[in-house]
Amino acid sequence: MAYSFEKLPDPFDRSAAPASTPKSTLRTRLLFAALLCPLLLLSSIPLHSIWSLWPGSSSRGVGSTWRTAENPYLQKQWKESLGRCSQLHVLPGVPADFHKRKESDRFVPSTPPTLIRNATIWTGEDTGNELLLGHDILLDRGLIISLGKNLSAPKGADVVQAHGAWLTPGIFDMHSHIGVDSLPELSGANDVNSVANPILPHLRSLDGINTHDLAFKRTVSGGVTTSLVLPGSANNIGGQAFAIKLRPTKEKTPESLVLEMPYNVPTPGIERKEGDPPRWRHMKMACGENIRRVYKQTRLDLAYNFRSGFTSAAALRDSQDAFCAQAELAQKKGEILEERFPDDLQWEALVDVLRGKVKVNTHCYEATDLAAFVRYTNEFKFPVAAFHHAHEAYLVPDLLKQAWNSTPAVALFATQARYKRESWRGSDYAPQKLAEQNITVIMKSDHPVLDSRFLLFEAQQAHHFGLSTNLALRSIITSSASVAGFSHRLGYLRPNYDADVVLWDSHPLKLGATPRQVYIDGIKQIENPFEAKPLETGVEAPEVASKPEFPICEEELDDGSEEREREVIDSVLFTGVREVLLEGEWEARGEMEGEFEVLVQEGRIECVGECAALVGEETRKVELKGGSLLPPLTAYGPALGLTEMISEKSTTDNPVYDPLYSGELSTTQQLWGQVVAVKAIDGLEFGGKHLRISHDQGFLKAVVAPMGNGFFRGVSVAFRTGAKHVLQPDALVKEAVALHVTIGHYKGTQTPSISTEIAELRRLLLGGLEKDTSTMVKADYFALAAHGTIPLVINAWKADVIGTLIRLKGEIEREPNSTAPLRWVIHGGQEAHLLAHELAAADISVVLSPPRAFPESWDERRAVAGPPLSPRNAPNILHNAGVRFGLGVPEEWQARTLLWEAAWAWRDSNGEVDRKSAVAWVSTNLDDMLELPKNGAAEFVAYERDPFEFGSRAVAVSTTDGKQVELIA
Ligand SMILES: *[C@@H]1O[C@H](CO)[C@@H](O)[C@H](O)[C@H]1NC(C)=O
Ligand SMILES: *[C@@H]1O[C@H](CO)[C@@H](O)[C@H](O)[C@H]1NC(C)=O
Ligand SMILES: *[C@@H]1O[C@H](CO)[C@@H](O)[C@H](O)[C@H]1NC(C)=O
């Protein structure tokens, strides 16, 4: 049925329509003309061409249309429908006059122009054109106005002398949950996922962005200026994503952060000008394990979820196309249609995916899932912007190239892998291998999985493992901005681009590179930046590390076959050595000038200096290229040796039972006897990938407590990461190292009260003091800890908890039976810096974990940010206060990055810390506080090149008995 325009008093009463067709008036015709012309002009594809594509179009009549009418309701609906039709096939793009803009749409009027003089400018352009040395850059009205030499400063400009400092465009994080996955984590602010059902294209991250989140300021201080805020990966289609700039706005609204609001989200002040193409929309999809787990489904179900979703969207798309074809015919006849443009809130965004108007970002790890997703793209014909995580992408580059329309980019972590089965085959060399295949590589944070503040660190590591300098920088700046659809304004330093720039204190790929200032929309972001170290203006990137012959990655160890045996020798002459930082008689050699030689024979250092005369026939020469001999490093980590894939229970020792947490308090007392004897040694698993990678980076020892989230953690073990099994001589360094407990909120889980935990600890220690440990038949570890026979390690983060523990230690030590002083260690300690002097006075050690402050939970929210937001970072505050401390391994895959963490904090100390102390943070300090026995042999790790910079790696290590040398060729 259709209606006459002329008389229809009640537009909603459709039965009231007259059956005849009155003649149209001139007024109606003019109205039509006025309405349609601009709309038709807007359309890039003539409507008749759509019509001709419609199957059976010729037989489908439009005779149900009545000419002439003046029903305002229908006019409005018809106008809207025609508007929608005219836009059906218009792809997102850039307005024709975009680069003629005189000021940014994000310009804040009071912002002064900024002229940065004499910078080393990395522009984001292709290799060969990317560097402008000694150039100036002028920012004004939210835009980059010009780049050149000797630019003149406009009136009122803020003139900054860069003195040759590096300057890059702002970092674009293409995978972030900033603002929706809160920092610190709070139950009232976790809006990253819905679990309503696996297909949710109608949800929007925008609706949950909390502009007060603690992460914004910290993330900007790492040079990140824009983030694509994706919904989480609990769903096959998790919803729509939004790209936001990270600077605070006076409006304090999510809208005011959005870079280019898609017109689908009506926003006051943001109107689409006639003729402008639509803006990109973004969507998050996900394959694999997460959805399986959340919905208790299998991959077969997941495929059906996707395909039924796409089928629904395709049906809606087809009905829209059919409607618009009909509408075109009606228009030609001067008629209108009664029906509305077919739409559906649930499917409209997915229809836009099928129309190529959405940048699809798909979390998809392994070959099986990548193949399934490529299959969907070809079945439903839509492009994918990027596969995220994609730990197996490097194994199937040709598969990626089969995706519909274009090859997706791959967005990766650098070294985070093996945390679940999907990531088991992750390779450090994946970025380089994908780049070799001409696949666009992006590094991403997945904030707060990684702290997006340090996204740069991902690019640095990718470079260390072989990605070229320009591609490494592009992976977080240019490629990410381009793949997200913003290469017209972000990712490059070009005139008329957004004035988002970062001034660095060194080459951005150097270890510890830190922003000196960050500008977003031309606005200075760090009020009083602290510069931790002197400016470095060198143009050269750090070296790429040499690649061992058998890197641990890919399918190695998958098939149960024997590991490759490494070459073991008795005698090595290290040449090109710059530093020996070992204990004892070789201690002083760190200060020797220039390069020298070191001869090692049968576990003894026989010579340092010029050793060629002492070399025998059997001696192997290893050139260290200015490298170092360091003591074996110690990895203090939560589950190293207790898990292979932490989310696979059968590959993991799993958390210990905790009576205080898991049981009723009334039954707790009886249960202590059973659990107090839990020892990590009994759950150890040797030979896995995490251990081998840790070992190959110089972490020859590991200390691990039983896993758990509760108060009671059991007794830790110290062992050698290179051992094959627990019975091998020298596999163990110490069987029972320390007793471990946790006081805190266990990072968000429900726990007994803090005061209950403290009361329980007090009760157990006082109870222990009543016992005579010399006559004890069975080890009672609380009694041993109470008497100071073994150290007590307490997981605690919050300053208030640490303060209470300092008081408790004094209380126990004042007891008449106490054999003070007790040996206590705080593990975690994010807020320990607030009580650094008190900790030093109480002789309590600290294992700082994670080493770089990250206020993930409320207990950690006062974690000190460090430069450029505060003068010092936590390691330097603890060091200066004289606290004995080390750096801990937050997750198993991170042991190998720990030496970089130490070197980073050392750099930030600006000379207050010497290199030997920094190495001690990941070696001897941990050994001392945990009272590990010293080995008689001169155990060491030999690093090629400077281990305090990228490009270095361990090339030789002592064998587990300390008597020979294993080459990591
Ligand atoms: C630019 O900075 C470099 C490095 O600090 C310096 O050597 C050079 O003299 C500076 N050039 C000008 C024109 O100031
Ligand atoms: C990558 O691109 C380069 C330059 O276009 C080309 O020479 C090379 O063959 C490509 N490599 C692959 C694996 O496609
Ligand atoms: C001190 O220890 C002895 C056993 O060595 C025990 O009998 C006594 O009760 C303890 N006193 C206190 C106050 O704990």
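1. Basis of the note. This is a predicted model, in which local features need pLDDT of at least 70 and side-chain atom pairs count only at pLDDT 80 or more, while totals for chains, interfaces and linings use all residues. Residues are numbered from 1 along each chain as its sequence is written, chains are lettered from A and ligands numbered from 1 in the order in which they are written, and side-chain values use heavy atoms, with hydrogens and water left out.

2. Overall make-up. The chain holds 25 helices and 34 strands, where helices (H or I, at least four residues) and strands (E, at least two) are DSSP runs numbered from the N terminus. Of its 969 residues, 62% are buried, a term that stands for under 20% relative accessible area, with exposed meaning over 50% and partly exposed in between (1.4 Å probe, protein chains only). Among contacts with a separation of 6 or more, 73% come from residues 24 or more positions apart, contact being defined as heavy atoms within 4.5 Å.

3. The open sheet. Eight strands form an open sheet in the order β6-β7-β8-β9-β10-β11-β12-β13, with mixed pairing; two strands pair if DSSP finds at least two bridges between them. Because β6 (171-176) and β13 (441-443) stand at the edges with a single partner strand each, one side of each is left without a neighbour in the sheet. From one strand to the next the twist averages 25°, with axes taken as lines fitted to C-alpha atoms (for helices over the stretch in contact) and angles running from 0 to 180 degrees between N-to-C directions.

4. The β9-β10 pair and its helix. Strand β9 (residues 281-286) runs parallel to strand β10 (residues 358-364), and the two are joined over 6 bridges. Helix α9 (residues 367-380) packs on the sheet, where it touches β9, β10 and β11 (386-389), and its direction makes about 155° with that of β10.

5. Nonpolar cores. A nonpolar core is a set of buried Ala, Val, Leu, Ile, Met, Phe, Trp, Tyr and Cys residues joined through side-chain atoms within 4.5 Å. The largest has 96 residues, of which Leu 761 and Leu 805 touch the most other members, and helix α23 (residues 898-908) gives the most to this core, with 8 residues. When residues up to four places away in sequence are not counted, Leu 761 touches Phe 711, Val 741, Ile 743, Phe 782, Leu 792, Leu 805 and Leu 808. A second, separate core of 82 residues includes Val 192, Cys 287, Phe 382 and Leu 434.

6. Backbone points to check. Most residues other than glycine have a negative phi, and most peptide bonds are trans. The bond from His 447 to Pro 448 is cis, with omega near 5°, and Pro 448 sits in the loop between β13 and α12 (455-464). The bond from Pro 867 to Pro 868 is likewise cis, with omega near 5°, and Pro 868 belongs to the loop between β30 (844-848) and α22 (874-880). Lys 381, in the loop between α9 and β11, has a positive phi near 55° and counts as partly exposed at 45% relative accessibility.
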